[in-house]
Structures are given as structure tokens and as C-alpha cells.
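This report goes through one protein chain from its overall make-up to single residues. Please keep the sequence and the structure in view while reading.

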Amino acid sequence: MAITTSLTLFFFLLHFSAHLQAYTPDEIFTINCGTTGESSDGQRTWTGDADTKYLSPQEATISYKATTQSISADQIPFSTSRLSRSQFNYSFRVSSGTKFVRLFFYPADYPSFPRNQASFTVQSNQFTLLNDFNASLNADAQATDTIFKEYVVNVNHGKRLILTFTPSHPNSYAFINGIEVLSMPTDLYYTPANETGFTFLGSSTLYNIGTSFALQTEHRIKTGSQVEIPPQNDSGLFRNWVNEKDYFIEQNSQLNDVPTDYTYKRITVNPDYVAPKELFRTARNMGTNATFNNMRNLTWEFPVDYGFTYVLRLHFCELDPDINDIGDRQFFIYIASQLAEERADVMKWTQKKKGLAVHRNYAVLIPNNGTQKKFNLLLQMHPYEYHVDSRYSDAFLNGVEIFKISEAGSNNLAGPNPDPSQTPHNSIHGQNGKIRWGSGRVIIGVEVVLLSDVVLISLVVFFVAFLGHKRTTYTKSKDYESKSTTTWNSSLPTDLCRRFSLDEMRAATQNFDEVFIIGTGGFGQVYKGYIDEGSVPIAIKRLKPDSQQGSREFLNEIKMLSQLRHLNVVSLIGYCNDNKEMILVYDFMTRGNLRDHLYNTDNPTISWKQRLQICIGVAHGLHYLHTGAKHTIIHRDVKTTNILLDDKWVAKVSDFGLSRLGPIGTSKTHVSTDVRGSFGYLDPEYYKRYRLTEKSDVYSFGVVLFEILCGRPPLIHSAEREQVSLSNWVRHCYQSGTISEIVEPTLKEEIAAECLKKFCEIGMSCLSENGSMRPAMEDVARMLEFTLGLQESAEHRQNVDFAIPN
């Protein structure tokens, strides 16, 4: 009996300790608007606002239940509402310090208050939380019945926390269903005075969140599980951690990134209120196949408003039994397509303390973009190559919080209302929403990738043999051997890319209607199409039956491209080979190719910093081709028309029609092959000696760098003799010290002197006549990132010494 009692007590204490709150707020106000007395939601007690000291003036407001109550809103605090066609306030006597302010809305028809007339502004002390907020439009856009808003506001000594609700115009009204005010540790999200700050992407200065700013919680995500952490299971702060399903992008259903369960591991969170331990019991990682991991990213996509600075807090806790030392697992972190962390290593951050939770903060500015309202903020992670920079080629994440920061000066946090026609599945429109005319056809957006006329792929493509469930530090692979068969279906990689039926391709292009043609060549035609019920735009390359590419090359291109996964490489979505058709399906690049934004174009001029970021992206893409797969892939046709730009201006290397595998084996330094490529970009060593190496791509990229700098083609046959070739003209100007002659006039006032000097040094090293003297693409990428830093540092100094005088 004593044993039974002890065991019962033990398990009770174990269960109780698992739900102990790490933090107990000094002040909690939970207001159930439109009611009297107290009520409970099963977890907390809510107080009605009628006849209380919180609400004023009460006589100007009215309380109602909705005319119809949805199931999701049939609970506290959504069951009743406080409404008014004139301004009203809630006032809370609180101590000084930081507070959570949470607002609950149920946009519905109330007696005499139609749903679509609700439009109002909400202010908290000096901060504007919502401006002309149309609750019904926001609910419809989010496909939800109720709306929840969470803010972090600091209250100064001797001040009350006041919430003011003001209708937008005489025919509108304001309403609120529930309010929660909760005290919280000041150092939870505000930067402590003894800390210097954290990374501000695109800036050389660190970022601090001072108490003079307010924060709005945009997203709070738990990864690796479909189970959410409800407010009552938080660390005492009643935060809601939702699952990642609406944000995580699965790149391949057969290569799912792995949700990992660490239920039985010991976890330490310090301070213990930072996040609940439950957050760290699951994680999203990439799995055990190092080769495939290096071809793709972990990717999440979060919608946010343009025009604000955002802080992302990433949560990590290393619990993997195979990770025990610094350097075992290292990875890149990209935010908004910018490098945020070059060598993330949780074991280093925790000084090799497994089970110790840690977080990292990053700030990023999403500037205004004309009339665009929503920006898809990408969070991406890419592993280091195994056995080179990291013992395991993997990346992982436990959770993420994203906060909007109030604007300095205006103290505004309010974003725009969605358009009435907007749905949750709307995609971001192309540049300026323009319609381009050409050849008598209407083409929406910007030109898609046009693949080379003659595609001569002679790549020996490999299959990767998947490992077992146990993690290893290497992967096994075998070369793919092409076999002549009457059908390709058994050989094509349906596990690596999508196989489309011919009916799907006809539906995507309205039976290959000519109006969808956006490119024509010797291989056939390229169409713009739509798949997945018209929600996803794609580029469709339909080969002629007598195409020079042929069935073997068609098969090899699918095999090769389907295994390439990188932020800066255009992805092959899938293929179709029904009824002797040979069709390839690619991502559609909204902004077209880079050359269309440099010269001979009506497109607006892109800034120097934007050009630098594009250069960095291309360098990363080429570095991936050269080192990211089992064998080196030499692109062989690097040029500005083969660099595509998506709607976020992320550069992607495209058109692998002339690509070749690099030398195989330590005894070989080059590939002997006929010369292929584009005049003006060709490596002299290659076209003189027929020796192809990855340094041939480096030379071509050097031409691209100067094409970007001076805004002119690589060859101008009508120019003076010494200026015909861009590479020769650049070399002449560089050696003679007349570098100003090569800079595009619109850029002369933008480029800082030290940045221009370094950029030209990088370009000239790429154009070295001796291939062995050219840098590797990895080094080029790092030097370009350093060059961007020089530009940003110069811009932050007063009286910047620009390179070119007026």
C-alpha cells in the first residue's frame, strides 16, 4: 500500500511539475466586453466591462450578442461585444513596465450594426495599433471567423494603460469583444541595457528594441509537430504557439523534412519564461541524406506588411543524440533572401551544453513597395556540406516568433486593410502589375526563362541511394545508367519532381493556346501556364518531336535538374511524357531576366545595392553547382539573360542546356569538349584550348559583373575597336586608372569609392587570362558580401566619399 501511495504521489508530482508556470504575472486584466459579472472559459476568469471603472463613457456604448453565432465564436470572450458609433476608452491602472495587450474581435452582424460598417482606429497611449481597421475584410482575407491581435507596450511610471476606440467616419462603428492586459518581463523582447543589440540585415550597425517602441506579434510558430501549444500551457504568459502547417513549404513530398520528437529529453530554458519547454520537444530538420540536403533548404513563408522593420526570434535546442560537439551541425540562415547567419552552430552558442535552449534575434526592414500591401517573408536554412565544414549536413529549428516594430516618430503599427477581392491564396502580382505587349500578343508579367535553342546535355546523372533511418556522416550513391526502353515512366524520377499528365498541360495552357506562348526556338515553344486550380504560374517548355535534344537528353535533363535545389537556382517542377510529348515545367520568374533591367529596356533602373545583392545571389548559385552535388556541374553559359529574377528580386541561375559535368577523378583537371557558350562571355582558355573547368564559369561571371556595373552588352560591334569587347575595355580602363568611364551614369552618385574599388578587383580577378589564378565561386560570393558591407558602411557615414564626382 505504501508503495502504491508513493508511486501515485510520484506521478502526480511529475505531472504537476510538467505544467508549473515559469512566470507569474503581477497584473492580469481579462475583460469580457459587453457583459456583467464574472465568467470562465475553463482556464481563466473573465470580468465583464458593464458598470466597471475600466470603460468610459459607458452611456455612449451598447452591448450585443451577434445576430448569428458561429461555432468558433461561441465561447468567451467572443460571445458578446461592446459597440459604439462614437469614441470610447478602456483605462487600466497598472504599474510601470512592459505589458502584453491582446484584443479579440468577432466581426459579425449585430443588431443595428451591420458587419461591413465596422471600421475604426485603436490607440494605446501614444501608439496607433490599428488604423481604419475593417474587421470583416481582414477576417474574410484570413478565412477566419474571429481575429486576435497581440501587442507589447511599455507603460511609463505614473501612467495608465489606455485603449481608445474611434470609428473611422460617422457611418461606421467600433467594437471589441475581449481585452487582455498582462504584465511581463521587460527583458523578454526589449533589448536589455547591458546588451549591444543583434544583427540588422542590410546594415553594418546592430539593432536594439528600446522601450520607446511598441511591438505587434505577427507570427508565433512551433515547428515539427501538428500539435499547438495553447495559452494555458505556455510559460505563464498565455502565448499561443500555433503549428507550422500554414507556413512550412515542403519542397518534395517524397523527401519531406523530418519532424523529430524529443519527448523524453531533458530541456533547460533560461530564463524559464522565454518559451515553454514543450516548444523544444519537437523540431523540424532535414533528415539523414546529406547529398539531397545540400540541394535544398528548409523554408517557411510568412505574410507581413510592407513598410516596417521586423524582428525574428529563432528558437533552438540541440537534443539530437548524434550531435555532441561544436561543428557537428552547422548551417546558413537566410531571412528575406538575405544571409542572416553564415555559420549557425547551436552547440557553439550553448558552449556544448546539450538540452540548453537558445534563441537568436534578427531584424530586417521590408521597405514600402508602391501599392503592394503584403510581402511574403522567407525564412530559409541551408546546411553546410558534410565532411567539409560540418560533420552532419543538416539544419533544424524548434520555433520562431516574428514581431512588427512601431515606426519611429509616428509610433504607428497599423498596416493596410486587404482589398475586398483578396483571398488568402492570392499571390503577389508582378512588377507594377504591368501588361506587356509583343508580337501582337498580350503577355501578363515579365518574360519567363527562354531555354537555349539547341540543348545538348551530355550529363551522366546519378541516383542517390537513400540511407537507412540511422544517421550517418556520409551518403552512398551510384551513377545512373541510361537504358533504351519503349517507355520512360519506370526511369523518370517521380520521387524527385512532379509528373504531369498531358491533360494537365492542356488545361494549364488552354489547349496550348498561342496567346500563352512567350518564347520560341529550335527546341519548340515556351508557354506561360497555371496549375493547381490556377493558383501557381509556371513556364512550360514543349519540345518538338524532331527536336535536336531527343529523348535521351530530355531524360537526362529531368534527372539532373530534378535533383538541384537551391535558393539561387531555378527549379524544375516536373515533366510530361504522355503520347510522345516531351514537356518540361519550370518555376515562372515574374521579373524576367536580369538583362531586361540593365539596358535597352523601359524597366526602371535598379539601385546599386540591389545589383550587388543580385551578384551575391548568382555567386551562391554557381558555387552550389560547382560544389553542392556529388560531381561538379559546369554551367557553361553564364550570362545576364540566364539570370532570372523572382518577384522578390532573388536571382536564380537558369538554362542548363549547355551544362556539363566537371572532371571526375583526382587525376583530371578539366573536361576536353567542343566549345559551346555565348560570344562575349567565353573563357579564353576554353575556346583556345578546348579545356573546360568550373573556372570557365568564373570568367563568364566576371563579364556579368561588369555588365551590371556599366549597363552595356558584352559585345558592341559598332563601337570603337578597343570598346567592342566589354572585357577588353574594362581591362584597359582598370589598368589606365580611368575606371569612371565604365560606370553607368545613373549609378555614379550611388557607389562609394571603396566599394567600387573592391568590386572592380573582384571582377578583374574573375577575368584573369590564367584560369588557375581565378578565385573559386565561394570566394567570389564572400568577397561580394564584403563589398556590400563596404557600401552600407559608407552610406551610414556622413559626407560619403563617392567614387565618381558630379
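## A residue marked in the record

Lysine 541 is part of strand E36, which covers residues 536–543. An unreviewed UniProt entry places the feature "binding site" at Lys541. Lysine 541 counts as buried because its relative accessibility is 1%, under the 20% cut-off.

## The chain as a whole

The model is predicted. Its secondary structure comes to 12 helices and 44 strands. Of the 806 residues in the protein chain, 55% are buried. Among contacts with a separation of 6 or more, 73% are between residues 24 or more positions apart.

Which disulfides does a search of the whole structure find? The search finds 0 disulfides.

## Nonpolar cores

The largest nonpolar core has 75 residues. Those with the most contacts inside this core are Leu625, Phe701, Phe706, Leu709, Ile742 and Leu784. Domain 3 (498–587) and domain 4 (592–798) both give residues to the core, so the core lies between them. A second, separate core has 46 residues, including Ala73, Phe104, Ala135 and Phe175.

Apart from neighbours within four places in sequence, isoleucine 742 is in contact with Phe706, Leu709, Cys710, Trp729, Val730 and Cys733. Valine 730 in turn touches Phe706, Ile742 and Met764, when residues up to four places away in sequence are not counted. Valine 730 and cysteine 710 are 20 residues apart along the chain, and their C-alpha atoms are separated by 9.5 Å.

## Helix H11

Helix H11 runs over residues 753–766 and has 14 residues. At 1.5 Å a residue the helix should span 20 Å, and its end C-alpha atoms are 20 Å apart, so the two values agree. The expected value counts one less than the number of residues, because the span is taken that way.

Which residues of H11 are buried? They are Cys755, Leu756, Phe759, Cys760, Ile762, Gly763, Met764 and Cys766. An α-helix has 3.6 residues a turn, so residues three or four places apart point the same way. The buried residues of H11 are covered by, among others, helix H7 (608–627), helix H9 (694–710), helix H10 (726–736) and helix H12 (777–796). Met764, one of the buried residues of H11, is also among the residues that valine 730 touches.

Serine 337 lies in the loop between strand E23 (331–335) and strand E24 (338–344). Its relative accessibility is 24%, so serine 337 counts as partly exposed. Setting aside neighbours within four places in sequence, serine 337 is in contact with Leu378, Leu567 and Val650. In sequence, serine 337 and asparagine 568 are 231 residues apart, while in space they are 9.4 Å apart from C-alpha to C-alpha.

## Backbone details

Where do the cis peptide bonds described here lie? One joins serine 56 and proline 57, with omega about -15 degrees. Proline 57 is in the loop between strand E4 (55–56) and strand E5 (62–64). Another joins asparagine 270 and proline 271, with omega about -5 degrees. Proline 271 is in the loop between strand E19 (258–261) and strand E20 (282–285).

Lysine 352 has a phi of about 65 degrees and is placed in the loop between helix H4 (346–349) and strand E25 (358–366). Lysine 352 counts as partly exposed, at 46% relative accessibility. Asparagine 411 has a phi near 55 degrees and lies in the loop between strand E28 (399–405) and strand E29 (435–438). Asparagine 411 counts as buried because its relative accessibility is 18%, under the 20% cut-off.

Terms used:
Residues numbered from 1 in each chain as written. Predicted model: local features only at pLDDT ≥ 70, side-chain atom pairs only at ≥ 80, totals over all residues. Heavy atoms only, no water. Helix = DSSP H or I, 4+ residues; strand = E, 2+ residues; numbered from the N terminus. Buried < 20%, exposed > 50% of the residue type's maximum accessible area, 1.4 Å probe, protein only. Contact = heavy atoms within 4.5 Å. UniProt positions renumbered as here; feature names shortened; annotations may be inferred. Disulfide = S-S within 2.5 Å. Core = buried A, V, L, I, M, F, W, Y, C linked by side-chain atoms within 4.5 Å. Domains from an automatic or database assignment.
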